[in-house]
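Thanks for sending this one over.

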Amino acid sequence: MRLFDINLVRNLVDPYLFRTVTKKNYNPTTGAMRDELRPVIVDDGVLPGNDPMMKGSMSDTAVLLEGLALNTGSEAWWFEYGRRVHQRFQNVGSMGIRCDPCTALVFYLLRSNNCRGALTVIEQAEGKSNGHWFLLVGCPNNVPIQYPGRFPRGCFAVDLWGVGVKRQRGETTSTTAVLDPASCCYSCGDNSLKRKAHREGLTTVPSGRDFVRDTTVPGFIGNKWRSSKLKALDARLDDYQKGTATVEQLASAFKAWADKKPTLLDGEIDSIRDREGQIRALREQIQWLGGAV
């Protein structure tokens, strides 16, 4: 299912890396206006304010946002913004898009095409001034993240604008907006990261430490209440997040625990919160990563 989500990006989002729009530009040699094909992704970090792409993207975006009150913390706002950008491309034609309409477009395309992973809009520095926006897919909403590459293993980033401008600057030859493993591809100087909007969905697995924390029964101390197979799963979760275990090894440890409930006759028993719920959630997370469980 994670691969399905990545393929959604490749099929629906990546074509925008190569889309162009025709702009009139003054030729000082001939004194005439000429048509130029320009990438739709606008490098507003480099282009002067009077560039046709800058002026066009600002005016076109202002029209799109008419009647849509600014609310970057709202999932519904990003979805509607992205819907309007997509509708403009479909019904009118190409326009210049900077990082916020790029991120909105990605959010809309993934959510409206059955992306299974959780979608999180990330604000890097101050997104509406000198900052940046991008998207995380499959990232738990309560795990620390940090520029440039501290993200839980298994989630991935989608940065249409970032990859697009780096291609224009000759800083990458990537043909996809997917950043896997998740990382930041653009620096704003102040690179603080903030989660701004989140759409629930499947995520990567927790670390072993977080799994122990979330399953601990209040009042229990130590780990005698966890069977040897559950402890092995705890360790595998940590190994996966450290990059020293594969999804297949993680799936094997999960099945060894989940498929046989320990009993007192074994000399072991698990006392964890919501065992069946934890099995169900972890099974779905491992399946999203591509594990056979």
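1. Overall picture. Of the 293 residues in the chain, 51% count as buried. Please keep in mind that this is a predicted model. The chain's secondary structure comes to 9 helices and 7 strands, and its C-alpha trace spans about 90 × 40 × 35 Å along the principal axes. Among contacts with a separation of 6 or more, 64% are between residues 24 or more positions apart.

2. The partners of E4. Strand E3 (residues 119-124) runs antiparallel to E4 and is joined to it by 6 bridges; in this pairing Ile-122 stands opposite Phe-134. Strand E5 (residues 156-158) also pairs with E4 in the antiparallel sense, over 3 bridges. There, Val-137 has Phe-156 opposite it.

3. The nonpolar core. Which residues of the largest nonpolar core touch the most other members? They are Leu-110, Leu-136, Phe-151, Leu-160 and Leu-233, out of 82 residues in that core. Helix H4 (residues 99-111) gives the largest share, with 9 residues. In soluble globular proteins, nonpolar side chains tend to be buried together.

4. Phe-151 up close. Leaving aside residues up to four places away in sequence, Phe-151 touches Phe-134, Leu-136, Ile-145, Gln-146, Ala-182, Ser-183, Cys-184 and Leu-193.

5. Aromatic pairs. The count comes to 9 aromatic pairs. One of them is Tyr-16 with Phe-89, which is edge-to-face at 5.1 Å centre to centre, with 85° between the planes. Tyr-16 lies in the loop between helix H1 (2-13) and strand E1 (20-27), and Phe-89 in helix H3 (residues 75-91), so this pair ties together parts that are 73 residues apart in sequence. Both Tyr-16 and Phe-89 are buried.

6. A pair within helix H3. Trp-77 and Tyr-81 are also edge-to-face, with 5.1 Å between centres and 65° between planes. Both lie in H3, 4 residues apart, or about one turn of the helix, and both are buried.

7. Charges over rings. Two arginines are worth a look. The charged end of Arg-111 sits over the ring of Phe-79, 4.1 Å from its centre. Arg-153 lies over the face of Tyr-240, at 4.1 Å from the ring centre.

8. Thr-203. The side chain of Thr-203 makes a polar contact with the side chain of Gln-285 (3.3 Å). Not counting residues up to four places away in sequence, Thr-203 touches Ala-118, Gly-138, Cys-139, Pro-140, Gln-285 and Trp-288.

Note on methods
Residues are numbered from 1 along each chain as its sequence is written. This is a predicted model: local features need pLDDT of at least 70, side-chain atom pairs count only at pLDDT 80 or more; totals for chains, interfaces and linings use all residues. Side-chain values use heavy atoms; hydrogens and water are left out. Two strands pair if DSSP finds at least two bridges between them. Helices (H or I, at least four residues) and strands (E, at least two) are DSSP runs, numbered from the N terminus. Rings of Phe, Tyr and Trp (its six-membered ring) pair if their centres lie within 6.5 Å; planes under 30 degrees apart count as stacked, over 60 as edge-to-face and the rest as tilted. Buried means under 20% relative accessible area, exposed over 50%, partly exposed in between (1.4 Å probe, protein chains only). A charge sits over a ring if NZ of Lys or CZ of Arg is within 6 Å of the ring centre and within 35 degrees of the ring normal. A nonpolar core is a set of buried Ala, Val, Leu, Ile, Met, Phe, Trp, Tyr and Cys residues joined through side-chain atoms within 4.5 Å. Contact means heavy atoms within 4.5 Å. A polar contact is a pair of N or O atoms within 3.5 Å; within protein, one must be able to donate a hydrogen and the other to accept it, and residues adjacent in sequence count only if both atoms are side-chain atoms.
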